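Please keep the sequence and the structure at hand while reading.

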Amino acid sequence: MATVAACLRAGDDLPGDSGRRDAEILLGHLLGRSRSWLYTWPEHTLTAVQAADYAALLDRRRAGVPVAYLTGEREFWSLSLRVTEATLIPRPETETLVAWALELPLPPTATVLDLGTGSGAIALALACERQGWQVTASDASAAALAVAGDNARRLCPGRIRCLHSDWFTALQGEQFDLIVSNPPYVESDSPWLGRGDVRFEPRRALVAGSAGLDDLRQLAAAAPAHLRPGGWLLLEHGAQQGEAVRQLLAAAGFAGIETRRDLAGLERISGGRRGAG
């Protein structure tokens, strides 16, 4: 019989260092039950259909498919976001950007732009925390933008403008108090691209030329024209790219440039303020 306990044990061989946790998430998702319920009712028996569906999920996970794509959701900033293979999987280090943005001395009705929004993670976190902010979420991928729009309607209805745009192309003449972005920043030959969950994520949202700086360079150079005087630009980047991004921001005329570290102590977010001129 396929009991809950037996199903959880069946996931002990899943890849990575959290096989049992992955099994708990997949089984809980399939049954619509919490982790505590699984351990309260270990002898609960799955139906034949449920057991087959669960086995299929385990097989796909063994093949490396990320848990977030198997369940179609990922938590970010305490928000349950819908994700698909058209979007990156939101990661905890990006919450460093959200936390910094919320510290900035912005007006109560600040205008905010999230470039390359993907699932809408950053835009939604900011909009949910600051009810008065006017948030625009843009992406060059129509499929990703559809996911962001769905998340916005479900979690923050009527609060976010979703815009199909390749960086600033659809934003001519618009200026903002804050621009944020988690752009592609991985080197095209990085071995990281062949590891773990990243193998299944959209390559166009990850890779940015041989040094990983192509999009960061473009954003730093173009952002001042779309920022109000004193407005801020915050950019996520690779752990080894902090110095290069600070140089890009300085070359673009930004002031007050600094870099924040993520919870792992790695340089992760760099930003600066447009001058008053």
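**Cysteines**

- The sulfur of C162 lies 10 Å from the closest cysteine sulfur, that of C156, which is too far for a bond, a disulfide being counted where a pair of cysteine sulfur atoms is within 2.5 Å.
- By this rule the count of disulfides comes to zero.
- C162 counts as partly exposed because its relative accessibility is 31%, whereas C7, at 6%, counts as buried; buried means under 20% relative accessible area, exposed over 50%, and partly exposed in between, with a 1.4 Å probe and protein chains only.

**Basis of the values**

- This is a predicted model, in which local features need pLDDT of at least 70 and side-chain atom pairs count only at pLDDT 80 or more, while totals for chains, interfaces and linings use all residues.
- Residues are numbered from 1 along each chain as its sequence is written, and side-chain values use heavy atoms, with hydrogens and water left out.

**Helices α2 and α4**

- The axes of helix α2 (residues 19-31) and helix α4 (residues 48-62) come within 10 Å and cross at roughly 145°; helices are DSSP runs (H or I, at least four residues), as are strands (E, at least two), numbered from the N terminus, and axes are lines fitted to C-alpha atoms, for helices over the stretch in contact, with angles from 0 to 180 degrees between N-to-C directions.
- On the α2 side the contact is made by D22, A23, L26, L27, L30 and L31, and on the α4 side by Q50, D53, Y54, L57, L58 and R61, where contact means heavy atoms within 4.5 Å.
- D22, which is found in helix α2, is buried with a relative accessible area of 7%, and, not counting residues up to four places away in sequence, D22 touches L14, P15, R61 and V67.

**Helices α9 and α10**

- Helix α9 (residues 214-222) and helix α10 (residues 242-251) have axes that come within 8 Å and cross at roughly 25°.
- The two helices α9 and α10 are therefore roughly parallel to each other, a term used for angles under 35 degrees.
- The residues making this contact are L216, R217 and A220 of α9, together with V245, L248 and L249 of α10.

**Burial of helix α6**

- In helix α6 (residues 95-103), the buried residues are T96, L97, V98, W100, A101 and L102.
- The elements covering these buried residues of α6 include helix α7 (121-129) and the strands β1 (73-76), β6 (176-181), β7 (227-236), β8 (255-261) and β9 (267-273).

How values were computed: Angles under 35 degrees count as roughly parallel, over 145 as roughly antiparallel, 65 to 115 as roughly perpendicular and the rest as oblique.
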